[in-house]
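Please read it with the sequence and the structure at hand.

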Amino acid sequence: DQVLRVVAGDGAQLALLQALGDREELQVDFWHGPTKPGHPTDLRVPFRNLQAVKSFLEANDVAYSVMIEDVQELVNEEKRTMTLSRRLERSTDTFDFASYHTIEEIYDWMEALAAEHPDLVTRLQIGQSYEKRPLFVLKFSTGGSGRAAVWLDTGIHAREWITQATGVWTANKIAKEYGKDPTVTAILDNMDIFFEIVANPDGFAYTQSTNRMWRKTRSLNTGSSCIGVDPNRNWDAGFGGPGSSSDPCSETYHGPRAHSEREVSAVADFILRHGGVKALVSLHSYSQMLMYPYGYKAEPAPDRQELDALAAEAVRDLAAVHGTRYTYGSIIDTIYQAAGTTVDWAYERGVRYSYTLELRDTGRYGFLLPAGQIVPTAQETWPALLDIMRHALEHPY
Amino acid sequence: VPGVGHKYYLQFTTEDYRSRDSAGSCLATVLFEQGNSPPAVTISCVDTKDEKQIQEEDNKFYQKIKQQTKPIMANDIPDSYGNIEPALEPVWALAVVGSSKIMWEKSTENLSYSMAQVKSAKQWIRQDDFVEFDYTVLLHEIPTQEMISCHLRVIWLPGHPMKVKHFCASENQWFEETSGMESGSAAGILQEKEQNF
């Protein structure tokens with residue numbers, strides 16, 4: 001197929017061009033239709049009709065030139081560059097941290113990060129979601145064996161998009177700062193970091209395809225038309241108590257039993273098997289809070305004083321970045337009573353430095369935080385995370 | 001307050017919703033009497049924002065909406081990515097004010113709300129100067145984490161108190177079944193009920 005450029009000399013020639021277009025059997029496709037004499041008309045002509053069209057133009061003294069010799073070649077070239085740029089997207093240097101991404105984009109990016117930092121980062125699969133999506137964890141390790149570890153997760157509640165986005169930025173930051181930032185280097189020289197960025201992939205996919213406000217998993221509940229369990233009420237800590245719901249239709253439904261959700265049991269089993277997790281931070285949004293156990297009961301945690309002091313420090317360092325104000329305290333004092341949470345479970349399994357953060361904002365945009373706030377949010381959360389990790393490093397137990 | 005209920009003493013600052021500039025401060029008491037809703041409220045505020053400036057901004061808002069030649073119709077404000085088209089900002093702002101009335105009425109000692117999203121906005125052109133909008137808004141309920149769908153009708157003219165009518169779906173079972181569907185169908189059901197409201 002070729003694209004011809006024709007300039008009609010006068011009204012009569014213009015009429016001829018329009019007539020040419022009317023002849024269906026020639027299948028002439030105007031890219032730039034005949035408008036006025038003196039103005040170019042561009043027409044794509046299928047290969048088999050080229051001879052006929054060119055003869056027609058020549059016979060009528062209509063001047064033309066060949067603008068595109070081979071349309072197919074151009075199409076192929078374009079396809080090549082598109083595939084190439086999509087591959088480049090997966091390279092971490094061109095990844096746009098200031099926008100929200102799909103699961104596929106995040107998973108591809110994780111693979112690229114591991115490929116770019118083979119001595120530091122590996123992408124592990126720790127299980128499968130209800131709908132059989134892989135549950136991936138990035139392992140940051142400089143080697144050693146039996147090292148203490150930090151567990152980080154984002155995206156356990158699907159609609160809290162700022163968390164997955166912050167997770168990606170933060171994982172990138174960890175990889176980039178090793179060997180440069182002394183704190184990151186000290187941490188990674190002695191401990192491993194496990195980072196699950198999309199802790200609830202089924203829910204996340206659902207927020208992108210169907211309901212932006214979906215929170216829970218997507219598991220089917222026997223005897224109910226309502227779907228999903230709140231993965232942050234499904235842990236075996238005060239399970240089923242006040243601060244969770246036994247109604248499958250509720251957003252805080254705890255599930256039929258503790259760890260019934262694959263997304264939860266995969267993480268719980270991983271942490272228990274590892275045996276050396278010393279700090280755990282689970283990211284949520286929104287409310288701007290930094291909290292420690294307990295959520296399920298009012299009784300203060302045995303390490304409350306230390307946890308509170310560390311929280312105060314982290315919140316101060318967070319505020320220093322962009323002025324964002326966080327409140328802090330135990331979950332039950334700061335936000336509300338919540339039973340069966342990740343953080344309470346981890347704490348009761350011996351992970352002393354167990355924290356949960358509620359990121360920006362405080363309700364103006366809520367879950368629909370504009371992408372422009374992703375990087376500032378991640379930037380300010382960073383020193384708070386470092387404070388917690390560094391404290392775990394400096395206070396081994 | 002033994003035998004009566006719980007009384008809260010509040011001191012808080014206010015800020016302009018759009019510019020985030022400080023707008024003043026307030027002192028309030030809120031008394032939740034056992035079994036009584038809504039609570040008894042006393043409040044006194046100091047406004048630092050200039051009355052004339054407020055009027056000017058209201059008028060600018062009003063003009064922006066009045067300038068439209070066709071009735072404004074829009075969905076998902078903000079969109080999934082948190083974007084609000086500049087032209088739709090006044091529409092969103094009116095929904096925020098209207099929703100605050102719903103939240104004022106629904107809030108209890110244990111339940112609080114934020115406006116999560118405007119699912120749909122539809123303007124009704126009126127013969128008089130008033131601006132009228134029908135909204136479907138999602139209210140985020142804490143601590144239940146539920147998204148409550150409410151139908152909101154707002155009638156407004158600068159210098160006049162805003163008239164707000166609302167109807168919220170209270171059954172989370174119902175909402176759950178329609179959460180994946182077009183807001184059009186939900187609004188259809190709510191429209192009917194509105195006539196009797």
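The confidence score pLDDT is the predictor's confidence in each residue, on a range from 0 to 100, and a contact means heavy atoms within 4.5 Å. The model discussed here is predicted, and the predictor gives the complex an ipTM of 0.83 together with a pTM of 0.80.

**Confidence in chain B**

- The average pLDDT of chain B is 84, and 86% of the residues of this chain score at least 70.
- Over residues 171-197 of chain B the pLDDT stays under 50, and for this stretch the model has 35 contacts beyond four places in sequence.

**Annotated domain in chain B**

- An unreviewed UniProt entry carries the annotation "domain: Cystatin LXN-type", which covers residues 1-53 and 73-177 of chain B.
- Across residues 1-53 of chain B, 58% of the chain is strand and 6% is helix, while the C-alpha atoms at the two ends lie 42 Å apart.

**The largest cavity**

- The count of cavities of 30 Å³ or more comes to seven, and the largest cavity has a volume of about 230 Å³.
- The lining of the largest cavity is made by 24 residues, and those that lie nearest its centre are A:N232, A:H284, A:I335, A:Y336 and A:E358.
- Two or more residues of this lining come from each of β9 (277-285), α11 (342-348) and β12 (353-359) of chain A, and likewise from β6 (131-142) of chain B.
- Among the elements, β9(A) gives the most to the lining of the largest cavity, namely three residues.
- Sorted by class, the lining of the largest cavity holds eleven polar, nine nonpolar and four charged residues.

**The second largest cavity**

- The second largest cavity has a volume of about 90 Å³.
- There are 13 residues that line the second largest cavity, and the closest to its centre are A:S99, A:Y100, A:H101, A:I106 and A:A165.
- The elements that give two or more residues to the lining of the second largest cavity are α5 (161-177) and α7 (201-209), which belong to chain A.
- With four residues, α5(A) supplies the largest share of the lining of the second largest cavity.
- By class, the lining of the second largest cavity divides into eight nonpolar residues, four polar residues and one charged residue.

Notes:
Residues are numbered from 1 along each chain as its sequence is written. Chains are lettered from A and ligands numbered from 1 in the order in which they are written. This is a predicted model: local features need pLDDT of at least 70, side-chain atom pairs count only at pLDDT 80 or more; totals for chains, interfaces and linings use all residues. Side-chain values use heavy atoms; hydrogens and water are left out. On a 1 Å grid over the protein atoms alone, a cavity is a set of points where a 1.4 Å probe fits but cannot get out, and a pocket is an open set with protein on both sides within 12 Å along at least five of seven lines; lining residues have an atom within 4 Å of a point. Grid points are joined across faces, edges and corners, and a volume is the space filled by probe spheres set on the points. Ala, Val, Leu, Ile, Met, Phe, Trp, Tyr, Cys and Pro count as nonpolar, Asp, Glu, Lys and Arg as charged, and the others, Gly among them, as polar. UniProt positions are given in the numbering used here, feature names are shortened, and annotations may be inferred rather than shown by experiment.
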